[in-house]
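Please consult the sequence and the model alongside the text.

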Amino acid sequence: MSQRIGYYPGCSGAGTSMEYDASTRAVCARLGLALQEVPDWSCCGSTPAHTVDHVLSAALSARNLELAAEAGLETVTTPCPSCLANLRVAGHKMEKEGFRNQVKALLETECASLATVKSTLQVLLEDVGPEAVKAKVVRPLSKLRVACYYGCIMNRPPEVMQFDDPEHPMSMDTLLEACGAEVLPFPLKVECCGAAAGMPRKDIVTELSGRLLDVAAGMGVDAIVTACPLCQMNLDLRQGQVNSARGTSHAIPVFYFTQLMGLAMGLSSSEMGISKLAVDPKPCLEQAGVL
Amino acid sequence: MRIGVFVCHCGSNIAATVDCPSVAQAAKLFPDVVFASDTMYACSEPGQDAIIQAIKEHRLDGVVVASCSPRMHEPTFRRALERAGLNRYMLEMANIREHVSWIGKNKELNTVKATELVRIAAAKLRLNTPLYANQFDVTKRVLVIGGGVAGIQAALDCADAGIQVIMVERDTSIGGKMAKLDKTFPTVDCSSCILGPKMVDVAQHPNITLYAASEVEEISGYVGNFDVKVRRRATYVNWDACTGCGLCMEKCPSKKSYDAFNEGVAPTAAIGISFPQAIPKKASINAEFCMKLQKGKCGVCAKICPTKCIDFEQQDTIVSEKVGAIVAATGYDLFDWTVYNQYGGGRYPDVVTSLQYERMMNASGPTAGHIKRPSDGKEPKRVVFIQCVGSRDKAVDRPYCSGFCCMYTAKQAVLTKDHIPDSDSYVFYMDIRSPGKGYDEFTRRAQEQYGVQYVRGRVSMIYPKGDVLVVRGADTLAGTQVEVEADLVVLAVGIESSKGAPHLAEKLRISYDHYGFFMEAHPKLKPVETNTAGVYLAGCCQGPKDIPTSVGQGSAAAAKVLTLFAKDKLESDPQISRVNQNRCVGCLKCTMTCPFGAVKDVKDRAGNTKAEVVETVCQGCGICTVTCPHGAIQLQHFTDNQILAEVNALCQPEMEF
């Protein structure tokens with residue numbers, strides 16, 4: 001299987017979550033997905049743009065989608081749920097003629113064809129499939145008990161995302177199971193971690209992320225698996241803050257799902273950027289036999 | 001012909017947007033119209049008297065009434081014509097309310113359209129001929145479909161009046177949902193104690209034939225003379241011999257069968273009687289779980305049965321019955337709440353439905369009346385009730401209110417306190433809807449006397465934390481988020497139409513709504529009738545209802561049946577197709593297109609094939625008349641010439657506006 005597919009790393013992939021970007025590229029390559037980066041891509045608008053101006057926000061995303069289409073890429077995938085949300089919402093809103101015309105005026109282009117967007121999670125589940133993943137696994141993650149955490153926007157709103165169940169998604173669970181992990185039923189898999197409130201209101205993040213860590217720890221997990229750079233940061237980098245704010249002593253490593261998939265497929269921990277994680281993942285990975 | 005035209009104001013319903021006097025004025029110029037007037041309410045007593053007066057004074061041969069839909073008052077005006085000595089079919093109605101005044105605001109254009117409708121009605125009336133109804137016999141037996149409390153009431157009322165009743169019940173026992181309830185609101189009396197005797201009455205009544213474990217297979221015929229085929233499902237037990245001793249269910253080695261009566265709270269044996277008060281009290285086998293039927297091994301029940309009534313070879317049988325009327329009382333099903341993934345979607349054992357909870361509280365239920373958590377069997381101390389699950393929720397396509405959940409939740413909260421005095425109950429609600437007699441007082445008592453905590457707001461999520469469930473919702477009165485830790489969560493699931501209801505509606509030729517509930521003939525004035533003569537409704541098949549309303553409707557349906565049967569002969573509708581034998585060439589295209597099989601082929605004296613309409617089967621739809629290449633078959637009251645006259649009246653070349 002060799003399929004050319006557009007790739008949109010997003011700003012965090014180029015900065016705070018380089019290990020997500022690197023592991024995504026490596027895992028896709030291993031699975032025969034030829035990713036082609038969208039040429040000259042720019043920021044999707046991230047969190048601020050759509051709170052200020054919907055047209056401007058859509059224009060930022062539309063530019064990227066148009067560039068992809070011009071490069072002959074019908075589908076673009078992005079690992080970041082926030083980028084995914086912006087790119088998909090732009091496509092969704094531009095189905096309305098009036099809105100599309102405003103975006104066109106701003107971009108001074110025709111927006112004749114726009115690429116469709118899927119999360120990397122969706123592409124791996126639907127285009128590759130758990131069977132193909134299983135076939136590539138050389139070091140199964142057996143003995144590793146994980147909780148899959150999707151975050152609040154990966155599957156929501158359902159009419160825009162049109163992938164998996166908005167209240168009880170199973171795509172990441174399925175992929176991790178294909179890699180041999182024991183996936184525990186995590187009841188808070190679509191809860192909010194506090195997201196960008198970490199800057200202005202740290203108390204909100206410590207409360208919301210703390211709750212996620214409490215429940216996961218109560219289930220006896222070895223690790224939490226995420227699909228969102230912001231979720232990963234709140235749970236991993238801020239775990240110390242959460243502990244001191246709530247008087248807990250959690251030490252749960254928080255991986256990107258692509259990192260664990262890569263390790264299971266025999267890719268090295270340096271390729272997967274394991275050293276970039278804040279909470280020490282070594283004991284857990286050694287116990288799982290993938291380090 | 002001398003025609004009279006009456007234009008109705010319908011108060012301001014029509015007159016506000018149609019110039020009625022000028023419509024009447026214009027009508028005076030139409031051919032054969034000798035009298036025209038406008039009137040405030042044509043359907044009122046003075047209105048009808050004025051019509052009768054004008055018929056006599058102006059020697060009218062026919063009447064046009066321009067008013068509301070003929071569905072509303074055509075029978076009224078037909079009766080008025082008869083009182084004046086005219087044939088009832090010498091009436092035409094122009095619908096200038098639903099078709100004009102209610103849908104357009106431009107008075108000038110409305111007046112033109114109203115005048116047009118009167119014009120075509122008058123043109124058609126000129127070709128009307130008197131029609132006379134035939135009479136036919138009535139089979140004074142009634143079919144009751146569904147053995148819940150509504151069906152039971154309808155059946156008993158009819159049977160007590162001396163009518164033969166055939167009751168068809170899908171389950172192996174009658175009793176319906178009410179038999180599963182522990183107590184009933186607001187009196188908190190034992191459900192099976194008040195329903196049980198009625199069930200026994202059904203079994204013992206000499207006028208009632210009960211077919212349990214049966215379904216209606218086919219219905220043909222018409223009011224007064226329906227032919228019904230009933231499929232009696234194989235139960236693998238000879239019910240004539242079974243004494244209901246229950247020995248088989250004790251000895252059956254397969255104990256994993258789904259217990260439908262107990263809502264799956266605990267499994268049961270593959271053979272058995274669904275509950276102790278079952279009527280008929282006969283055993284039946286759940287083939288899916290029977291080792292003998294699945295794998296050919298076992299047969300323990302057959303060996304130990306004292307009356308040798310087990311029959312593994314039993315097949316479905318079909319019985320035919322003739323009835324004159326049908327009462328549909330097929331009840332409801334519970335909404336499948338597992339679509340609510342935020343409430344666990346069926347994954348958390350300690351989240352149960354209201355009906356499961358009802359079985360857990362019932363002394364004859366699987367826990368012998370002790371409330372136990374399904375996960376570990378412990379007695380819960382904090383119970384949270386969540387209302388409106390699959391009710392008033394557009395997201396799951398159930399925007400309607402199920403009506404009785406507020407009450408049964410209050411009842412269950414009260415009973416929880418009775419069962420476990422040191423327990424705390426919480427109810428998450430949207431609004432408390434308790435409009436029945438003694439109902440609101442009951443919900444108040446739950447709060448004030450039993451200390452049930454009512455929290456106004458929807459629950460957004462339930463998640464397990466250790467061995468408790470965290471229920472997160474909003475308190476919209478306090479404007480805060482709330483989290484309650486619960487040992488047990490009870491979902492007040494809403495109702496939806498019974499499975500297969502639309503399928504049955506098609507067999508009965510009655511309408512059903514988007515949600516599968518059967519449609520009444522008029523939401524206010526004909527609540528138990530349907531648009532198909534001789535078919536009546538009772539209970540939740542028509543929409544959500546509590547027990548008193550279902551019983552009341554059961555009795556109402558019975559009253560309608562008895563009214564129908566009070567006549568020895570019924571009149572047929574003469575608005576049916578007739579064949580002009582001279583014109584008919586015997587191509588029989590009409591027999592092929594008739595959806596009711598009402599046209600048959602006959603031979604005339606010369607041996608030529610001709611078509612003939614079976615009067616009692618013809619429904620007057622008119623499909624045959626458009627099929628006939630020679631215009632030999634004509635629908636009385638709607639002949640080709642009458643319809644052409646209407647078209648010609650509307651398309652006059654000289655008409656100007």
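## Salt bridges and polar contacts

Between chain A and chain B there are two salt bridges, a salt bridge being a side-chain nitrogen of Lys or Arg within 4 Å of a carboxyl oxygen of Asp or Glu. A:Glu191 is bridged in this way to B:Arg472, with the closest N and O atoms 2.4 Å apart. The side of chain A that touches chain B comprises three nonpolar, one polar and four charged residues (nonpolar: Ala, Val, Leu, Ile, Met, Phe, Trp, Tyr, Cys and Pro; charged: Asp, Glu, Lys and Arg; polar: the others, Gly among them).

The model is predicted: local features need pLDDT of at least 70, side-chain atom pairs count only at pLDDT 80 or more, and totals for chains, interfaces and linings use all residues. Residues are numbered from 1 along each chain as its sequence is written, chains are lettered from A and ligands numbered from 1 in the order in which they are written, and side-chain values use heavy atoms, with hydrogens and water left out.

## Extent of the interface

Eight residues of chain A are in contact (heavy atoms within 4.5 Å) with 10 residues of chain B. The area buried between the two chains is about 820 Å², with 55% given by carbon and sulfur atoms; this is the accessible area (1.4 Å probe) lost on being put together, summed over both parts. In chain A, the residues that lose the most area to chain B are A:Glu167, A:His168 and A:Pro187, together 49% of what that side buries.
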